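Please look over the sequence and the model first.

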Amino acid sequence: KAGIKPELYRPLYHFTPKAHWMNDPNGMVYYKGTYHLFFQYYPDATVWGPMHWGHATSKDMVRWQEQPIALYPDSLGWIFSGSAVVDVNNTSGFGKNGQTPLVAIFTHHNSTLEKAKSDKFQYQSLAYSLDEGKTWTKYAGNPVLQNPGITDFRDPKVRWFEPQKKWIMTLATKDRITFYSSPNLKNWTRESDFGSNLGAHGGVWECPDLFPLTYNGRQAWVLLVSINPGGPNGGSATQYFVGDFDGKNFKPYSTKTKWMDYGTDNYAGVTFANTGNRTILMGWMSNWQYARDVPTVAWRSATTVPRELGLAEVNKELLLTSKPIKELDVLDGQGFSLKNLPVKGQYDLTAKTKNETGLFKLDLSTQNTNDFSIVLANDKGNELVVGYDKSANVFYIDRSRSGKTDFEKGFAGRHTAPRSAVATKISLTLLVDAASVELFADNGLSVMTDIFFPEKDMTRLSVKSAKGVTISSMNYTKITAGSKAG
Ligand code: FRU
């Protein structure tokens, strides 16, 4: 690795640990003005190992401060993924003298049992904090949910179900989801199973989430299920179901497989607890297929930008939408706007962008739906292409020639996302950081997240369209260390 700067590819507005390995976001919760992000963390190497919960805090979900490790492995096992809740009614009894406990519900992964070929090596445990997430105490009665003999039995996502005044745990159990309920987070009763014969099954089911969203005054429940492998563009990805949940059973409205994000790099995403009417998700911006091979040096992996989730109706079907949170506007820096710009062939924007690092936010809308592409490039011949292909009716990101790609044989490639919107114009937002691109098209109906590793900053930008497209409006914002991202 001689000659590689340790900070190469460090993003400006995505969370990365200062050093070492990170994977899934865990236990995300908003409490007393602070957003907490915990994450799967191995503090001894830049590859996966005995898992801890790392910790970071933020006032706006954009600027994060890394905190001391929250949970260390113990005699029951490594600390795998899970969630955290604000136990407002102190149902757990962990609060003393009227204190409200924060309770983390996570999987203990017992590698000794795993090596001994037991099938009961994953089980669920608790830890609580009485000082707003600074320090955590593991519950003496762990584990709280024993393994019935299922090799993959993990990633509890817990929420309060107000109509029946009980906690619901959504748990990934190999090839399905199992729902459990509890009055106090300590005693759990199995309610039902979902999904063994529905959805995508190209890999194991992991990191689920279940939450309500309102559309046109009506409530529907969304069930997220990450799977690895078996994603639509290879490796790991997150599918979702929309349906009803009655405290016992989840019933989907449709049996069609749907994906929250068609890019290759948004995995294990779940939502924050305690954010009121807003439902906000962050994912792990990598893929198990190559996460351990990516060419960063001091650390590995970042989170996605936080996205606000919603529902939209298309052809009588409710679909999930993801939009960048409004807090990201703190990134607004210098830029320019264009209106009614016909593009036929190539329109080079480089002279207008004057961007030395290549980090930007772009909002763009077109007057028609002819093919077009947005091309990021540098003078090493690297190119990252984001576009719309009319005949296939797909959005795509092509990172085949985006720089370093040979660290894993499947990394170079062109990824597609079907367009679900039916509108005759296209609008999109692109967020580009040092080593990632996030595409939100048609008000969050088609979403793609891809990472890439250029040999030099991608400081050139152009729009291309062979058949001709009219850009009705374009807003370009340069994002620099000197902008409000501070
Ligand atoms: C998903 C996952 C989880 C598990 C964790 C281990 O990426 O495999 O199922 O809890 O990572 O680090």
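The model is predicted, so local features need pLDDT of at least 70 and side-chain atom pairs count only at pLDDT 80 or more, while totals for chains, interfaces and linings use all residues. Residues are numbered from 1 along each chain as its sequence is written, and side-chain values use heavy atoms, with hydrogens and water left out.

**Largest pocket**

- The volume of the largest pocket is about 710 Å³; a pocket is an open set of points on a 1 Å grid over the protein atoms alone, where a 1.4 Å probe fits, with protein on both sides within 12 Å along at least five of seven lines.
- Grid points are joined across faces, edges and corners, and the volume is the space filled by probe spheres set on the points.
- Its lining (residues with an atom within 4 Å of a point) comprises 31 residues, and Arg159, Trp160, Asn274, Thr275 and Gly276 lie nearest the centre.
- Two or more lining residues come from each of β5 (78-86), β9 (154-161), β13 (204-215), β14 (218-228) and β21 (307-314); strands are DSSP runs (E, at least two residues), numbered from the N terminus.
- The most is given by β9, with five residues.
- Sorted by class, the lining holds 15 nonpolar, ten polar and six charged residues. Ala, Val, Leu, Ile, Met, Phe, Trp, Tyr, Cys and Pro count as nonpolar, Asp, Glu, Lys and Arg as charged, and the others, Gly among them, as polar.

**Salt bridges**

- There are 29 salt bridges, each defined as a side-chain nitrogen of Lys or Arg within 4 Å of a carboxyl oxygen of Asp or Glu.
- Arg307 pairs with Asp261, with the closest N and O atoms 3.0 Å apart. This pair links distant parts of the chain, 46 residues apart: Arg307 is in strand β21, and Asp261 is in the loop between β17 (258-259) and β18 (267-271).
- Arg307 is buried at 1% relative accessible area, and Asp261 is buried at 2%; buried means under 20%, exposed over 50% and partly exposed in between (1.4 Å probe, protein chains only).
- Arg414 forms a salt bridge with Asp389, the closest N and O atoms being 3.6 Å apart. Arg414 lies in β28 (residues 414-418) and Asp389 in β26 (residues 383-389), so the bridge ties together parts 25 residues apart in sequence.
- Arg414 is partly exposed at 39% relative accessibility, whereas Asp389 is buried at 16%.
- A network of salt bridges links Asp152, Arg154, Asp155 and Glu206.

Terms used
Helices (H or I, at least four residues) and strands (E, at least two) are DSSP runs, numbered from the N terminus.
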